[in-house]
Amino acid sequence: VQSVVVVGASLAGLRTVEALRRRGFTGELILVGNEGYPPYDRPPLSKQVLCGDWEADKTRFRQKQGYDELDLDLRLGCAATRVDTDARLVALDDGTDLNYDRLVIATGATPRRLPNPDGLSGIHVLRGLDDVMALQQELSDAQHVAVVGAGFIGLEVASSCRKLGLAVTAIDPLQLPLSPVLGDEMARELMELHVAQGVRFETGAGVAGFAGERTVQRVELSDGRAVEPDVVVVGIGVTPNVQWLRDSRIELDNGVLCDAHCETSVPGVYAVGDVANFHHATQGKHMRIEHWTHAVEMANAAVEHMIDPAGAAPFAPVPYFWSDQYNVKLQFAGMRSADDEVRVLMRDPEKHRLLAAYHRDGALTAVLAWNRPAQLIQCRRMLGEGAQLSAAVEAFGS
Ligand code: FAD
Ligand code: NAP
């Protein structure tokens with residue numbers, strides 16, 4: 001392999017080029033990104049940056065010297081528009097064509113938006129640095145923020161806005177937001193944490209529309225309720241960035257389809273991170289996972305296969321994510337199904353500590369921790385070993 005082109009200069013793309021150099025790849029390495037900034041970390045945007053604890057600059061993964069060390073051709077501010085897999089060529093919107101021996105697709109995802117036919121200002125999404133800066137500017141004059149979608153973005157923004165002393169209303173069509181991820185019982189606990197911190201919930205109905213004069217003043221719900229915020233943050237999920245691949249032979253289905261080695265339907269072309277719909281080697285099904293640790297682990301797995309196709313183990317991660325809300329570090333590992341039961345293993349309400357095990361037919365399927373990082377790591381390992389619920393009970397009591 002002489003040259004590798006990686007498209008998408010964020011977490012998964014950067015970890016891919018780092019892993020290639022670490023594994024001894026000495027050929028040409030090109031990283032293409034359509035944002036104007038060098039790669040930066042997104043999790044602090046809704047947390048430390050939004051509530052003013054961090055300058056935006058602190059989210060940079062590397063300073064300039066760090067890119068020189070990687071001997072990387074970093075092309076920022078240009079988008080890949082097309083790939084020709086027969087000619088092994090990626091076309092950029094600045095007119096350049098890049099030839100590759102191996103191509104890595106790491107183009108992530110874009111927030112879904114709600115219709116705003118009157119073009120009202122004050123309605124935001126939060127994915128990148130430009131988004132957080134625009135939002136911060138409007139929050140400086142605001143008193144009341146509505147988050148539409150009480151998923152990860154919505155609840156983290158709610159937490160940061162409460163820290164800033166703003167009134168917050170969270171709107172979600174589900175009665176219990178995040179229950180598809182955490183189950184009803186644990187989703188209720190999380191909602192109660194927000195209520196205790198002063199967040200108002202308007203759940204059980206979606207948004208019918210926005211109203212206002214030039215700037216948003218009312219969010220109208222489908223059942224007639226209305227909320228009157230100064231600023232709205234919409235966090236209703238994301239769509240994978242695959243438009244530029246539409247005319248290629250690379251198979252697409254809810255992102256870029258790839259196998260348990262992260263390789264797509266076209267040999268030599270890989271997909272990693274939020275954009276990749278990969279085949280989980282032990283679960284025996286495809287899944288697209290939109291979390292930080294997954295993007296890192298998948299980048300490493302793709303590189304292993306690129307460097308050593310015969311020796312690389314199939315990718316079979318135990319999914320993991322964290323979220324910081326108020327003084328709670330919430331961590332979740334595993335794969336929970338709708339009919340799993342949940343058992344609380346440890347609880348200390350005063351310190352907001354909790355460890356809960358999800359299980360089915362005696363097998364441990366997932367674990368949720370609040371401010372219990374050491375136990376979570378141990379449980380993630382147990383999940384990887386296919387442990388029973390009884391093993392978790394033995395290790396942690398109750
Ligand atoms: P992305 O980070 O989306 O990067 C894709 C890059 O490709 C972008 O720069 C995009 O502009 C670029 N691109 C797209 N199309 C093209 C093109 N045609 N040509 C060139 N470049 C292109 N996860 C957690 O586990 N815990 C957290 O606490 C957490 N907090 C988060 C907070 C926020 C505000 C956000 C937005 C996400 C958070 N996540 C968190 C999720 C995590 O950040 C993502 O899973 C991760 O960023 C995925 O990395 P990625 O490189 O696959 O995709
Ligand atoms: P998300 O986690 O998928 O949550 C979206 C929420 O919006 C869900 O509760 C969803 O309900 C709800 N929703 C969907 N359509 C809606 C509508 N029309 N009106 C109102 N609510 C609606 O997505 P997100 O919060 O927007 O986050 C975006 C991405 O960033 C995701 O990839 C997420 O994983 C990532 N992120 C991760 C973290 C973290 O891991 N800590 C933090 C921030 C962001 P249903 O479930 O019923 O669809």
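Which polar backbone atom is 3.0 Å from a nitrogen atom of ligand 1? I looked this up before anything else. The backbone atom belongs to Trp 322. I note for the record that the model is predicted.

**Entry 1: ligand 1**

I stayed with ligand 1 and listed two further polar contacts. An oxygen atom of ligand 1 has a polar side-chain atom of Arg 127 at 2.8 Å. For Asp 274, I again found a polar side-chain atom 2.8 Å from an oxygen atom of the ligand. I then looked up the areas: ligand 1 taken alone exposes 1000 Å², and the protein buries 93% of that.

Next I went through the shell. I find 33 residues around ligand 1, and the closest are Asn 34, Glu 35, Arg 42, Lys 47 and Arg 127. Sorted by class, the shell holds 16 nonpolar, ten polar and seven charged residues.

**Entry 2: ligand 2**

I repeated the search for ligand 2. It has 20 residues around it, with Ile 153, Glu 156, Gly 237, Glu 290 and Trp 322 coming nearest. Trp 322 had already turned up in the backbone contact to ligand 1.

A backbone N or O atom of Ile 153 sits 2.8 Å from an oxygen atom of the ligand. For Ile 236, the distance from a backbone N or O atom to a ligand oxygen is 3.4 Å. His 291 uses its side chain: one of its N or O atoms is 3.0 Å from an oxygen atom of ligand 2. Ligand 2 taken alone exposes 910 Å², of which the protein buries 76%.

H4 and E22 are the elements that give two or more residues to this shell. The largest share, three residues, comes from H4. By class I have ten nonpolar, six polar and four charged residues around ligand 2.

**Entry 3: aromatic pairs**

I turned to the rings and got a count of six aromatic pairs. Phe 321 and Phe 332 make a stacked pair, 5.4 Å centre to centre with 15° between the planes. Phe 321 lies in E22 and Phe 332 in strand E23 (residues 328-334), so this pair ties together parts that are eleven residues apart in sequence.

I then followed Phe 332 to Tyr 358. Their ring centres are 5.6 Å apart and the planes are at 55°, so I log the pair as tilted. Tyr 358 lies in strand E25 (residues 353-360), so the pair with Phe 332 in E23 links parts 26 residues apart in sequence.

For Phe 332 I have a relative accessible area of 5%. Tyr 358 is buried as well, with a relative accessible area of 1%. Phe 152, Phe 321, Phe 332 and Tyr 358 form one aromatic cluster.

**Entry 4: strand pairing**

Last, I looked at strand E7 (residues 102-105). It pairs with strand E1 (residues 3-7) in the parallel sense over four bridges. Val 104 is the bridge partner of Val 6. E7 also runs parallel to strand E19 (residues 269-271), joined to it by three bridges. In that pairing I find Leu 103 opposite Val 269.

Technical notes. Residues are numbered from 1 along each chain as its sequence is written. Chains are lettered from A and ligands numbered from 1 in the order in which they are written. This is a predicted model: local features need pLDDT of at least 70, side-chain atom pairs count only at pLDDT 80 or more; totals for chains, interfaces and linings use all residues. Side-chain values use heavy atoms; hydrogens and water are left out. Two strands pair if DSSP finds at least two bridges between them. A residue is near a molecule or strand if one of its heavy atoms lies within 4 Å of it. A polar contact is a pair of N or O atoms within 3.5 Å; within protein, one must be able to donate a hydrogen and the other to accept it, and residues adjacent in sequence count only if both atoms are side-chain atoms. Accessible areas come from the Shrake-Rupley method with a 1.4 Å probe; for residues, only the protein chains shown count as cover. Ala, Val, Leu, Ile, Met, Phe, Trp, Tyr, Cys and Pro count as nonpolar, Asp, Glu, Lys and Arg as charged, and the others, Gly among them, as polar. Rings of Phe, Tyr and Trp (its six-membered ring) pair if their centres lie within 6.5 Å; planes under 30 degrees apart count as stacked, over 60 as edge-to-face and the rest as tilted. Buried means under 20% relative accessible area, exposed over 50%, partly exposed in between (1.4 Å probe, protein chains only).
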